[in-house]
Amino acid sequence: MKKTYKIEVDCANCANKMEEAANKIAGVKKAAVNFMALKMTVEFEDGADMTEVMENILKACRKVEPDCEIEF
Amino acid sequence: MQEIIVDILLSVVIFTSLGFLFYQAKHRDFMTKKQKKMMRRILLSSFILFELQLINASLFAELDGVLFPGAGRWLRFLCYFADYIIIGHDILKKAWKGILNRQVFDENFLMAVATLGAMALAIYENGEYLESIAVMLFYQIGEWFQGYAVGKSRRNISSLMDIRPDYANIERDGALEQVDPDEVPVGSIIVVQPGEKVPIDGIIVEGTSSLNTSALTGESLPREANVGDSVISGCISMTGVLKIETTKEFGESTVSKILDLVENASSRKSKSEDFISRFAKYYTPAVCFSALALAILPPLVRILFLNVPAMWGDWIYRALTFLVISCPCALVISIPLSFFAGIGGASHEGILVKGSNYLESLSKTKYIVFDKTGTLTKGVFEVDGIHHSTMEDEKLLEYAALAESASSHPISKSIQHACGKALDRSRVSDIREISGNGVTAKVDGITVACGNGKLMDLLGIPYSDCHKTGTIVHIALNGAYAGHIVISDVIKPHAKEAIRSLKSAGADKTVMLTGDSKKVADQVAAELQIDCVYSELLPADKVEKVEALLGEKPARAVLAFVGDGINDAPVLSRADIGIAMGAMGSDAAIEAADIVLMDDDPLKIAKAIKISRKCLRIVYQNIFFALVVKFACLLLGAVGIANMYLAIFADVGVMVLAVLNAIRCLFVKKL
């Protein structure tokens, strides 16, 4: 299951760090942050609860940049 | 001297930010809310800083007599500190959160430590607070500009690709109704009025118009469309009202596919981008530890071994300067921006690149392999002559056309076209297609074999060759030779120029593959000055040939295969880069290729290579420029020549220049 979300991130380096952080979250098969298009693509593992995973991703991203927003 | 420069800079900042804010009042979408708020903070804090500069320290010192000793000094500090908080509070907060979240080494942390450090030194010496605040101020201005430039180019690029239709018109009870294109089922009739975009792929059922396809192909000449023609979404109908029966859902339509492709393009990272993110990961901590070492080691050495005063303040100041310079932002931001702009500019020219990685390898293209039909030649064959026929020419043509009636191969199409009659398919049965050779079928009970010399050999029928160059279709009726049809393909008008400009764009070797006969292939190759030709290939042979070429080429050279997307998907995916041409409406080509040319002009191949080269040149310029300036400033900072103003230039200035340079990638029209 692959989904794309809108993400608000201010700096390119932070986007890289968020990608790294999101890839470490349980339930995420592969995550990619596209800084230029302001999009985050997440491929979930089978049977993962998407809302829960996304909440964890947002938490991890907020650690990188406190005012980060993801629409999900 | 330095203070005068800073004063001038401050007044410039005050006036420009005032100007921006006034402009914003009139043009609402000039800045985002966040940017507006930041601009106000920049204005306020630079104004206060400017005022504070007018009151010098001795004026504050007079307060000592009135209040208590040291009062002036502390009041002065408080005034400056308040200003510092106005401009820098968010950075401090972010840095603190970063520490709490164990994400210590980010730019906020660097800036917070550097400015607070400079502030502490100033308190200690009752000296210059200006520096610490000015550094923070200029850093914020740089950040603002970066945010603005990125946002602006993001919007520019998206508007370049503004082909998304907002609605579809559906006629209900005689009145037009606008509906979301997503909700239109396949087979509905939609109405497109002059000036509107075709929202969904379909076939014209009523009306004629000329279509502007420039948003899709970069081609400015409109094309005529009549009843029965299929139209693809994204074109603009210019003259007439069209009624279109949709053949696809919106999500499957060309326009959605293209948008999807371009929007996701920058997710596939190029090697340069990977290099930079890996670099940034090691670079920031490395700089932080070197700064720490710079602050501690030299003074210790001075005390312990050289017996001279430690000069802690001096070395700490150098370490702080070091930190300001070190921020990797210029690199990290400018490289994806360059690729994004390059992909955006290319798509405006009708060249869709599926990822930054492809744009990067395209610039190293040395071998270009063409499939002849549909790329160098029009693929529109015309019947040139009918020879040796044992019956009337028209009769022979009709048999051939009927036998080939089920095939969509361009050669079959041209025979059917030349026949000119409506073909009654019920007369045909037992059609067998023999890949690469031809077809056999029963027409009115007669066995018709229709194909090249190999087919005749296969069937054991003697045939006579032709003195003309072209594709020869031999025909045998009931096992007896009945004559042949000569068909020739037309070379595209720009093909020769395209090969020449590819050579000048750095291609070392051009190769042509074709299933056509050697005679035809050699003639075309000679006319176009192609280096190497392989003819009479079956589709599977093409893969083999490409593999052989892949093995033969030098390791760093890239092999690109150009095909028309029909029947050559395996080759497209086997080559280093697959380029599909004339993709208007061909889904298979969009799927299989890495780079898609929306129209079928071979000149676009050279253009794509030139765009990729320009983009990569800009990327390398940025990497080189940013690294050289940074390392030079780091060195100067370490030996104590660079002060914090130079440091802030090294950070913000380089970033701004790199972003401006990256935006040049957008301008590819004249390449």
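Okay, some housekeeping. Residues are numbered from 1 along each chain as its sequence is written, and chains are lettered from A, with ligands numbered from 1, in the order in which they are written. Since the model is predicted, local features need pLDDT of at least 70 and side-chain atom pairs count only at pLDDT 80 or more, while totals for chains, interfaces and linings use all residues.

So, how confident is the predictor about chain A? The average pLDDT, which is the predictor's confidence in each residue from 0 to 100, is 82 for chain A, and 100% of the residues score at least 70. Helix H2 of chain A, residues 50-64, has the highest mean at 86, and helix H1 of chain A, residues 12-23, has the lowest at 81.

Now the fold. Chain A has two helices and four strands, and from the N terminus they come as β-α-β-β-α-β. Helices here are DSSP runs of H or I with at least four residues, strands are runs of E with at least two, and both are numbered from the N terminus.

The four strands make an open sheet in the order E2-E3-E1-E4 of chain A, with antiparallel pairing; a pair needs at least two bridges found by DSSP. Strand E2 (28-34) and strand E4 (69-71) of chain A are the edges, each with a single partner strand, so one side of each has no neighbour in the sheet. From one strand to the next, the twist averages 25°. If you zoom in on strand E1 of chain A, residues 2-8, you'll see three bridges to E4(A), antiparallel. Look at A:Lys6 there: its bridge partner in E4(A) is A:Glu71.

What about the helices? H1(A) packs on the sheet, touching E2 and strand E3 (39-44) of chain A, and its direction makes about 170° with that of E2(A). H2(A) lies across E2, E3 and E4 of chain A, at about 160° to E4(A). Those angles run from 0 to 180 degrees between N-to-C directions, with axes as lines fitted to C-alpha atoms, for helices over the stretch in contact. And contact means C-beta atoms, placed from the backbone, within 7 Å.

On to the partner. In the interface, 14 residues of chain A are in contact with 18 residues of chain B. On the chain B side, the elements giving two or more residues are helix H5 (71-100), helix H7 (130-160), helix H10 (271-306) and helix H12 (329-348). H12(B) gives the most, six residues.

Last, two residues in chain B. Are they buried or exposed? For that, we count other C-beta atoms within 10 Å, again placed from the backbone: 20 or more is buried, 12 or fewer is exposed, and in between is partly exposed. B:Arg164 sits in the loop between H7 and strand E1 (168-172) of chain B. With 15 such atoms, B:Arg164 is partly exposed. Skipping residues up to four places away in sequence, B:Arg164 touches B:Val255 and B:Leu259.

B:Lys630 is in helix H22 of chain B, residues 603-639, and has 21 C-beta neighbours inside 10 Å, so B:Lys630 counts as buried. Beyond four places in sequence, B:Lys630 contacts B:Ile325, B:Ala650 and B:Val654. B:Val654 is 24 residues from B:Lys630 in sequence, but C-alpha to C-alpha they are 8.5 Å apart.

Key:
Two residues are in contact if their C-beta atoms, placed from the backbone, lie within 7 Å.
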